[in-house]
Amino acid sequence: MRTAGRVNREIFDGLKTFIKPGITTMDIDDYVAETVKRHGMIAAEKGYGGFPGHVCTSVNEEVVHGIPSRDRVLNEGDIVSVDLVVEYEHYMADSCRTFGVGTISDKAQHLIDTAEKSFFEGIKFAKEGYRLFDISHRIQEVVEGEGYGVIRDYTGHGIGSEMHEDPAIPNYGKAGKGPRLQRGMTLAIEPMIVEGSYETDTLLNDWTVVTQDGGWAAHYENTVFITDGEPDILTI
Ligand code: MG
């Protein structure tokens, strides 16, 4: 998983300069597919439940599961969340970043920064001995403290030889509740946050999840290995 996670990191480092106004979300898909293949690994989202892309690309009010398309041109000021699962020798590493396209508004940047900040605040509790919802609670506290909403319909998850394993990891909840964390667990922790209401709809393509109110969304995710000390982030 750590070996796969290095490719997640390499791809996101590359996308920082690759993503610019005028490219399409399919260009991102091509970039991901070629990079993963060059490492002899697999972009595991391709074909998962019938998903058509190698990676999810969700733009502006799209929260998760956006389908890459040659028709979706990214414009100056847009934001795009790229959610990537790399598989190596049957083990998975899952991470996501939201990128600004060209120059973005301060408002959009703050949304992106808050998603990232909530992750790092949350994982202060990602250690043996804490309860799972200690992480969830801290993420919710940080996000709502900035006046944003936390998505309810989608959660983080355990990960290993399967992309999605138990437990579900909500980005909201009561501190002191949930399963007790144990060393050796590998968790995909992923705040999905929105400017307004957390209510979502799924588009007629059966995949793309959007906010009902049209508010923009940001998403920050890493695969984290639980130890009895500091959390070990496998995708950074
Ligand atoms: Mg993911």
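Guide: The account below begins at the metal site and then turns to other parts of the fold. The model is a predicted one. The magnesium ion has its protein donors in Asp83, which is listed with two OD donors, in Asp94 through OD, and in Glu221 through OE. Along the chain, their spacing reads D-x10-D-x126-E. Aspartate 94 belongs to strand S5 (residues 91–100), whereas glutamate 221 sits in the loop between strand S13 (217–219) and strand S14 (222–225), so this pair ties together parts that are 127 residues apart in sequence. Aspartate 94 and glutamate 221 are both buried.

Beyond the site, an open sheet of 3 strands runs in the order S3-S12-S11, with antiparallel pairing. Strand S3 (62–64) and strand S11 (200–202) are its edge strands, each pairing on one side only. On average, neighbouring strands in this sheet are turned by 40° against each other, direction ignored. The antiparallel pairing of S3 with strand S12 (residues 209–211) extends over 2 bridges, and valine 64 has valine 209 of S12 as its bridge partner.

As for the helices, helix H1 (residues 2–18) packs against helix H2 (residues 25–38) at an angle of about 145°, the axes being 11 Å apart. Their crossing is right-handed. Among the contact residues are Val7, Ile11 and Leu15 of H1, and Ile28, Tyr31 and Val32 of H2. By class, this contact comprises 8 nonpolar, 2 polar and 3 charged residues.

Key. Residues are numbered from 1 along each chain as its sequence is written. This is a predicted model: local features need pLDDT of at least 70, side-chain atom pairs count only at pLDDT 80 or more; totals for chains, interfaces and linings use all residues. Side-chain values use heavy atoms; hydrogens and water are left out. Donors are N, O and S atoms within 2.8 Å of the metal (3.2 Å for Na, K and Ca); water is not among the atoms, so sites may look incomplete. Helices (H or I, at least four residues) and strands (E, at least two) are DSSP runs, numbered from the N terminus. Buried means under 20% relative accessible area, exposed over 50%, partly exposed in between (1.4 Å probe, protein chains only). Two strands pair if DSSP finds at least two bridges between them. Axes are lines fitted to C-alpha atoms, for helices over the stretch in contact, and angles run from 0 to 180 degrees between N-to-C directions. A crossing is left-handed if the near helix is turned anticlockwise from the far one by less than a right angle, and right-handed if clockwise. Contact means heavy atoms within 4.5 Å. Ala, Val, Leu, Ile, Met, Phe, Trp, Tyr, Cys and Pro count as nonpolar, Asp, Glu, Lys and Arg as charged, and the others, Gly among them, as polar.
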